[in-house]
Amino acid sequence: MLPVLTPSQMAAVDAAAPEPIDELIDRAGRAVARVALDMLGGSYGRVVVVIAGKGNNGADGRVAAAVLRRRGVQVKIFDAAALPATLPSACLVIDAAYGTGFRGEWLAPDVGTTPVLAVDVPSGVDALTGVASGHVLRADCTVTFQAMKTGLLFGDGALLAGRIEVADIGLGLPMVDQHLLGAADVMAWWPRRATDAHKWRGAVRVIGGSKGMVGAARLCAEAAARGGAGLVKLSVPGQSIETRPEIVQHEVPNAGWAAEVLADINRFNALAIGPGLGRGNQTMAAVLETISAAPVPIVIDGDGLFALASDDRSPSALLSRRRAPTVLTPHDGEFRTLTGALPGNNRVSAARSLAADTGCTVLLKGPTTVVAASDGEVLLVDRGDERLATAGTGDVLTGLVAVGLAAGLSGLHAAAAAAWVHADAACRCPSAGLLAGDLVDVLHAVLTGLR
């Protein structure tokens, strides 16, 4: 997993370093120069413009300029505080104007079509939230030091940073409480069927669907089956639906179904509840009764989250009494329903707060998905893209989280690994026209790839 630091955490790392600041600046500048030479494809006849501020970020840029000059590159340095409106023609612009400590607004010059290499973060991007102020240069590549910064993964920062290179400059890191998930982590965690496995090992129960919304339940159940559950049992209150024959269906009444679901819940290793379930009063009451009494790990999505918010008690009053792992999977609107406010720019802080209040793992959906445990540990998943912003993809994700929980993963690992698998499935689909069902169809390829 790749460590991810906030600006204040990075400042503490810098302050604790035994090396003098000049030594660290020299290492950082040399790292910038190495990436610049890679981007240039050589040094002969190349021209580089460096925008250098007055702080350490600017000092990194000046060291890079000196290294490039020694390699035969023609370098022009411009003071960030006295820039022309348009920079002269060059092969590369190095943006070393302002770093992680910048506050305020910066108006970048016009660089035309010249590629840009940003130092630590694109100047003008808040290194905590990713919010950009003023006119910010869009980088083709950002070289950041020792650890990823949160602002490179969210908001404008994720769009402006380009390819990200993390350069090791020899700083020791403390215990880090947030990481970016990679394929190797998912490979280590995602459940594999044992040679002596049987269908009840890793069995998943799904409660979802209602009139006009049966597709949500079908997608959730089929994703759980494709994702590795030994057996999936689906109940759509009041009806039986068309789905794959491998999905076991158990009919329950429209209302008062909690007791019937709970009667054999101990046979299952995880429960997914809420996708497309509806919001009638009797349905909401059955959801709350089931969540309160079920002794197995639960992933709660969609109308299940609405039921929690509609209860006379706060969500934390019910959820904090649960002993088995519980995962909540809100998008921004559902987060507001649960808490009364949108997540805001600091999405990590928002997810952590809800996780701490409820004692649950919170999977906050977004371009970069935040998965926060109740103890404050955070895993981030930036694998997905806009292809996942279509109806039904969240139901697929819920089924995958249930697979992880049923295999005995912690809420944090189950949710984060499921988010990565879900996103990788989208990456294997066409760039346009993705339907949620397409994700289910490529899950076998994703899981085969992990093995």
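Which residue in S19 is the bridge partner of Leu 363? It's Val 371, and the legends below start from there. This is a predicted model, so a quick note on ground rules: local features need pLDDT of at least 70, side-chain atom pairs count only at pLDDT 80 or more, and totals for chains, interfaces and linings use all residues. Residues are numbered from 1 along each chain as its sequence is written, and side-chain values use heavy atoms, with hydrogens and water left out.

**View 1**
Strand S18 (residues 361-364) runs antiparallel to S19, with three bridges between them; strands pair here if DSSP finds at least two bridges between them. Helices (H or I, at least four residues) and strands (E, at least two) are DSSP runs, numbered from the N terminus. Four residues sit between S18 and S19 in their hairpin. S19 is also joined by four bridges to strand S20 (residues 378-381), again antiparallel, and there Thr 369 has Val 381 as its bridge partner. Five residues separate the strands in the S19 and S20 hairpin, where Gly 376 takes a positive phi near 100°. Both faces of S19 (residues 369-372) are covered: Thr 369 and Val 371 are buried on one side, Val 370 and Ala 372 on the other. Buried means under 20% relative accessible area, exposed over 50%, partly exposed in between (1.4 Å probe, protein chains only).

**View 2**
Zoom out and 12 strands line up as S9-S1-S11-S20-S19-S18-S17-S16-S15-S12-S13-S14, with mixed pairing. Strands S9 (148-149) and S14 (248-249) are at the edges with a single partner strand each, so one side of each has no neighbour in the sheet. For a parallel pair, look at S16 (residues 298-300) and S17 (residues 326-328), which share three bridges; Val 299 stands opposite Val 327 in S17. Helix H1 (residues 7-16) lies across S1 (2-5), S9 and S11 (178-180), and runs at about 100° to S1.

**View 1. Helix H6 against helix H13.**
Two packed helices are described by the angle between their axes and the distance between the axes. For H6 (residues 214-227) and H13 (residues 393-406), the axes come within 7 Å and cross at roughly 40°. Axes are lines fitted to C-alpha atoms, for helices over the stretch in contact, and angles run from 0 to 180 degrees between N-to-C directions. That makes the two helices oblique to each other (under 35 degrees is roughly parallel, over 145 roughly antiparallel, 65 to 115 roughly perpendicular, and the rest oblique). The crossing is right-handed, meaning that the near helix is turned clockwise from the far one by less than a right angle. Residues of H6 including Leu 219 and Ala 223 meet a set in H13 that includes Leu 400 and Val 403.

Asn 57 belongs to helix H3 (residues 56-70) and is buried, at 8% relative accessible area. A polar atom of the Asn 57 side chain lies 3.0 Å from the backbone oxygen of Val 119. Beyond neighbours within four places in sequence, the contacts of Asn 57 (heavy atoms within 4.5 Å) include Asp 95, Tyr 98, Gly 99 and Asp 120. Gly 99 itself is in the loop between S4 (92-96) and S5 (106-107), and counts as buried at 13% relative accessibility. Not counting residues up to four places away in sequence, Gly 99 touches Asn 57 and Val 121.

Terms used. Polar contact = N/O pair within 3.5 Å; in protein donor to acceptor, adjacent residues only side chain to side chain.
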